[in-house]
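Try each task yourself before you read its solution.

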Amino acid sequence: MKIEILGTGCAKCKKTKEAIEKVLTETGKKAEVVKVEDIETILNYGVMVTPAVVVDGEVKLAGKVPDEKEIRKWIE
Amino acid sequence: MADIFYPLQWIADKLTYEVFGITPATHLAASVNFIIYDVLKIVILLSVMIFAISYLRTYITPEKTRKVLGGKKGLRYHLIASLLGTVSPFCSCSSVPLFIGFVEAGVPLGVTFSFLITSPLVNEAAVAALWATLGLKATVIYVISGILLGVFGGYLIGFLKLERYVEEFVYKIKVGNQATGPETLTIKERTGIALESVKDIVSRVWIYVIIGVSIGGIFHGYAPEGILEKYAGKDNLLAVPIAVLVGVPLYSNVMGMIPIVESLIGKGLPIGTSLAFLMSVTAVSLPEMIILKKVLKKELIAIFISIVALSIVFTGYLFNILL
């Protein structure tokens with residue numbers, strides 16, 4: 001599984017990455033977590049408000065830091 | 001208006017005189033009382049305001065805004081863009097993707113700027129803090145002039161035809177159309193999102209509120225009455241431009257700034273000068289300009305800052321005359 005975090009490097013993007021990594025460790029699931037900072041790639045996903053989370057090429061969330069419940073739903 | 005906040009004054013009095021045991025009618029008592037009362041009032045109004053706007057916001061996504069404004073010209077659309085800017089979420093880290101998204105959808109440059117100007121200027125946090133400190137009248141004035149500033153500034157930028165000062169790559173980017181998030185939310189989900197924003201924003205800004213109110217409180221308790229009226233009153237025509245010049249590069253949390261400005265008004269700083277200062281702090285900030293530099297050439301950034309700053313100076317004078 002590939003999880004992409006879209007954002008131009010603001011504090012909320014860091015929080016998003018931490019939240020996802022935390023859930024991954026807790027559940028023992030394996031996933032490749034990448035931060036995407038390139039504007040063009042972000043916009044290609046149709047995302048205009050960051051942070052956003054893309055799981056296997058599908059935009060799951062944009063504009064806020066996900067909570068643990070949401071993250072668990074995506075990775076299962 | 002003062003009545004509904006009466007319980008807060010009661011709490012502030014209790015804490016100041018009984019819990020902390022400070023002698024009434026001293027400078028210290030005045031400061032502490034003012035700090036407790038103001039922090040309580042701001043945090044309560046802030047929570048209510050964020051909840052209401054965040055709830056409303058679940059209906060207005062940037063994707064929808066883009067569709068509504070795409071390819072539309074005319075003053076009416078500047079007004080719509082400006083109004084949407086007031087309720088749209090805005091974090092300076094989203095300004096570049098939003099900008100490109102708008103331009104790509106065929107939203108005219110001027111209309112995009114109407115949105116970009118109003119978005120940081122009029123937001124629920126600033127409105128709540130203004131309401132708590134300066135009252136409803138000043139808040140309404142701030143909101144209406146903020147919206148008109150967006151309309152006027154954006155219109156002028158559109159009129160000047162500055163498209164050539166947008167970096168070329170912006171026009172080449174294709175924005176994908178993946179749906180983000182469910183289109184239909186239940187009331188429970190919307191309430192959840194709204195509560196989440198209250199928690200998120202309050203947990204981020206409370207410290208600035210306390211710092212701002214404390215500085216304001218000290219000034220309130222110790223500075224001589226009417227000191228600012230004497231040096232920066234309405235007769236001093238330089239006061240407004242100086243306030244704006246100081247405010248433009250200043251990047252400060254507006255939540256901390258508003259209580260300070262409240263205490264300045266208390267010592268005789270005219271309301272127009274004060275609102276002009278606040279607007280210049282929120283409307284343009286150095287970090288936001290650095291981010292926008294990725295998509296705008298420096299000429300356009302300079303024009304943008306000048307138009308906004310001059311409009312704010314004008315607004316400041318206007319209110320000093322009218323109020």
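A residue counts as buried if 20 or more other C-beta atoms lie within 10 Å of its own, and as exposed if 12 or fewer do. Keep in mind that this is a predicted model.

**Exercise 1. Which residues of helix α3 (residues 62-69) of chain B are buried, and which are exposed?**

Step 1. Start with the buried ones: B:Pro62, B:Glu63, B:Thr65, B:Arg66 and B:Leu69.

Step 2. Look at how they are placed around the axis. They cover an arc of only 165 degrees, so they lie on the same side of α3(B).

Step 3. Recall a general rule. An α-helix has 3.6 residues a turn, so residues three or four places apart point the same way.

Step 4. Turn to the other side of α3(B), where B:Lys64 and B:Lys67 are exposed.

Step 5. Find the partners: the buried residues of α3(B) pack against α4 (75-87), α5 (95-104) and α6 (109-121) of chain B.

Step 6. Walk past the end of the helix. There you meet B:Gly71, with a positive phi near 70 degrees.

**Exercise 2. Describe the largest nonpolar core, then pick out the contacts of B:Ala125.**

Step 1. The core has 109 residues, and B:Ala125 is among those with the most contacts inside it, as are B:Leu130 and B:Val244.

Step 2. Helix α2 (residues 27-57) of chain B gives the largest share of this core, 11 residues.

Step 3. Set aside neighbours within four places in sequence. B:Ala125 then touches B:Leu46, B:Ile50, B:Ile201, B:Val205, B:Val254 and B:Met255, all counted as contacts.

**Exercise 3. In what order do the elements of chain A run, and how compact is the chain?**

Step 1. Count the elements: 3 helices and 4 strands.

Step 2. From the N terminus on, their order is β-α-β-α-β-β-α.

Step 3. Chain A has a radius of gyration of 11 Å, close to the 11 Å that the globule rule gives for 76 residues, so it is as compact as a globular protein of that length.

**Exercise 4. Where in the loops of chain A do you find a cis peptide bond and a positive phi at a residue that is not a glycine?**

Step 1. The bond from A:Thr50 to A:Pro51 is cis, with omega near -5 degrees. A:Pro51 sits in the loop between α2 (39-44) and β3 (52-55).

Step 2. A:Asp56 is not a glycine, yet its phi is positive, about 45 degrees. Its place is the loop between β3 and β4 (58-62).

Technical notes:
Residues numbered from 1 in each chain as written. Chains lettered and ligands numbered in written order. Predicted model: local features only at pLDDT ≥ 70, side-chain atom pairs only at ≥ 80, totals over all residues. Core = buried A, V, L, I, M, F, W, Y, C linked by C-beta atoms within 7 Å. Helix = DSSP H or I, 4+ residues; strand = E, 2+ residues; numbered from the N terminus. Contact = placed C-beta atoms within 7 Å. Arc of directions from axis to C-beta. Rg over C-alpha atoms; globule rule 2.2 N^0.38 Å.
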